[in-house]
Amino acid sequence: VPSVSTVDSVLSKACLKRLAIADAGTSQALLKSVEDLDDAHPKQAKGRRAGRSHGDILPVTHTYLQSVAQRQQMFAEYAAKTLTWRKAFSKVDESDLSEGVVSWFKDGRLNASENCIDRHLPTHAHRTALVWETDNPDHAQKITFQQLSDNVNRLANVLKAHGVKRGDRVTIYLPMMPAIVYSMLACARIGAVHSVVFAGFSDTAVRSRIEDAESKVVITADNSIRAGKIIPLKKTLDAAIKDLPQVESVLTFSRVARDVPMQSGRDVFVEDEMAAASPVCNAESMGAEDPLFLLYTSGSTGKPKGLVHTTGGYLTYTAMTLQTVFDIHKYDSDPFGCFADCGWITGHSYVVYGPLTLGVGTLLFESTPTFPTPSRYWDVVHRHEISKFYTSPTALRTLIKAGNKHVHRHKLKRLSILGSVGEPINADAWQWYKDVVGGGKAHIADTWWQTETGGIMIAPRLQTLGKAGAAMHPLPGVVPVLLDAQGAEIQGVDVSGALALKAATPGMARTVFKDHQRYVDTYFRPHKGYYITGDGARRDKDGHIWITGRVDDVINVSGHRLGTAEVENALQTHPAVAEAAVVGFPHAIKGEGIYCFVNLKDTHKSTDAEALQNELRQIVRKEIGGFASPDVIHFALTGLPKTRSGKVMRRILRKIAAGNTEDLGDTSTLSEPQVVGDLIAKRNELL
Ligand code: PRX
């Protein structure tokens, strides 16, 4: 096989087609996409290609089929060239999806914090690494790579002093402040595994994640602040770890200096200890397949899973996709503007690891899109000279609602690439993004991926015009397919099916913490040889991919992923509740809202409805967090629609919640068909 850098000129299209079919069993639609790349909008493609040299990245010089035909070589060359390895790898891809095994660069050794910090110091020590946009827009701060290094090294030494060793899990419960990046990288430095828990999770949710991760050390802040409101984070953590002796140390950063309860012998103000610690801490040499972090995410059943991401493949993939999708180059001077929270995978991959691996400054956004005014994002873009911007459709819809007058076009001239992530972007929001924010010129990248994939999998190519609401093309080396109910690949165009991946990419999660069987059963068991995403998708007549949403009982509320079972379990803890069934329904701002059908025990059927609804909302907030608060609580007084064997027919509930009651499908198996009419009537009263 010729070297990847020369391959472009060597292989003809016909040859590529043969290669792809032989090597990847690639379907008709993939072949179609290469035509698309070659033929699409030559004018724009020319402009973009001419604009920059991509000499330092391979993937964008590849056509898609080349990347698939030579995926292992492509990833290996990128990894070798882009990362700094303590020991070079000789093994590349030892994955076997039919066995649920994903493994890349296994015998290589490296350290993630060294890749994100140390190697940039000789040339870029005084370059901005973190742009911290504080809740108050007047207090923004910049942190250089040198300062990042000092803080990470000191904190790494503090962690060691608190007994943290290689392989130990450290829970991080922090808002968007530099400390969250220091904490992640300090763990990585000493080989500890971080588990960041979004600061919006409740005490109950944090507790179960700390317990599952068996963390002895937790890092938090005294308080957090969002939209001017102070939130007592440490107090929430205290409630979470009450009577939990496994937690030996709580390292507390100061965000909003206020009286905060500190338990002696357990809680310390970490900045004092960092000031006294050495700014030098040798980075551990880690295996490429050693865990870098856990991140808990919701599935359709059971408790959230602690997905395990490893070091070499993950860094390779986040850096490469940032280059491919956002056209970012090593040491680019504009900071990358990803507005996500580090509590979610987007923050891990595109606030922290992707940009910092490339030595590119990164934004830490502490506030909300509308504070103090709905111009906030655009002021940030202007002040920090952001040209590549990444946010969620929910944020866009919120801003659309606030009105175009808040978008200051003159401040947005720099913006060239506008990314969207986390949920389907509706055509209106896409068009607004393109026209009003992007002035008709910016490239819109609707990026599809998941906590499990570690990085972006499907997005429009830079060289092509996007389509409103379509994620479009697999990235280099990504092989998506559509499966039918029997697990057979659906060929051709203008078809829909379950979205699956046919080849392992380096950034994929490797296992579920302490439960490998669950990982295999969830993602690889349903159809042997494929990773099952849980999403449905459509391939249109041009071969472009549109994500149609989850096909399981996971919902996506404002881009936050939730299992409906988690909300049901929370509701069922209330003594009045006999049974509950929760479904998503279309919501103008949040994408999906939370609709709860609740059947009350006979003893509680005459309780005051409003008071009970409030109590139930409170319970969900307490068990999960404020973002999971139900939009609709519907008391189903005559019961829920069930099959004769007693199974709740969620398909019917979804239709009722959405108001799609003209065609409820087959209702012949319902044991008590009359409940459906009652539910429809009540729903129409509620909404
Ligand atoms: O349903 C898909 C939706 O978000 C899910 C993954 O959620 P999470 O693991 O929290 O990661 C979100 C950030 C990567 C997917 O299974 N999703 C994500 N991006 C898109 C999307 N749905 C449609 N279009 C997208 N661009």
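**Exercise 1: Helices α11 and α12**

Helices α11 and α12 are oblique to each other, a class that holds the angles left over when under 35 degrees counts as roughly parallel, over 145 as roughly antiparallel and 65 to 115 as roughly perpendicular. The model is predicted, so local features need pLDDT of at least 70 and side-chain atom pairs count only at pLDDT 80 or more, while totals for chains, interfaces and linings use all residues. Residues are numbered from 1 along each chain as its sequence is written, and side-chain values use heavy atoms, with hydrogens and water left out.

Task: determine at what angle α11 and α12 cross, and which residues make the contact.

Solution. 
1. Helices (H or I, at least four residues) and strands (E, at least two) are DSSP runs, numbered from the N terminus. Helix α11 covers residues 203–213 and helix α12 residues 233–240.
2. Their axes come within 8 Å and cross at roughly 60°. Axes are lines fitted to C-alpha atoms, for helices over the stretch in contact, and angles run from 0 to 180 degrees between N-to-C directions.
3. The crossing of α11 and α12 is right-handed, that is, the near helix is turned clockwise from the far one by less than a right angle.
4. Asp203, Val206, Arg207 and Ile210 of α11 make the contact with Thr236, Leu237, Ala239 and Ala240 of α12; contact means heavy atoms within 4.5 Å.
5. By class, the contact of α11 with α12 has five nonpolar, one polar and two charged residues. Ala, Val, Leu, Ile, Met, Phe, Trp, Tyr, Cys and Pro count as nonpolar, Asp, Glu, Lys and Arg as charged, and the others, Gly among them, as polar.

**Exercise 2: Helices α17 and α18**

Task: state how α17 and α18 are oriented to each other, and which residues are in contact.

Solution. 
1. The axes of α17 (residues 393–402) and α18 (residues 427–437) come within 10 Å, crossing at roughly 75°.
2. The two helices, α17 and α18, are therefore roughly perpendicular to each other.
3. From α17, Leu396, Arg397, Leu399 and Ile400 take part, and from α18, Ala429, Trp432 and Tyr433.
4. The residues of the contact of α17 with α18 divide into six nonpolar, no polar and one charged.

**Exercise 3: Backbone geometry**

Task: locate Glu214 and Pro372, and describe the backbone geometry of each.

Solution. 
1. Most residues other than glycine have a negative phi, and most peptide bonds are trans.
2. Glu214, in the loop between α11 and β6 (217–221), has a positive phi near 55°.
3. Pro372 lies in the loop between β15 (362–365) and α16 (376–383), and the peptide bond from Phe371 to Pro372 is cis, with omega near -5°.
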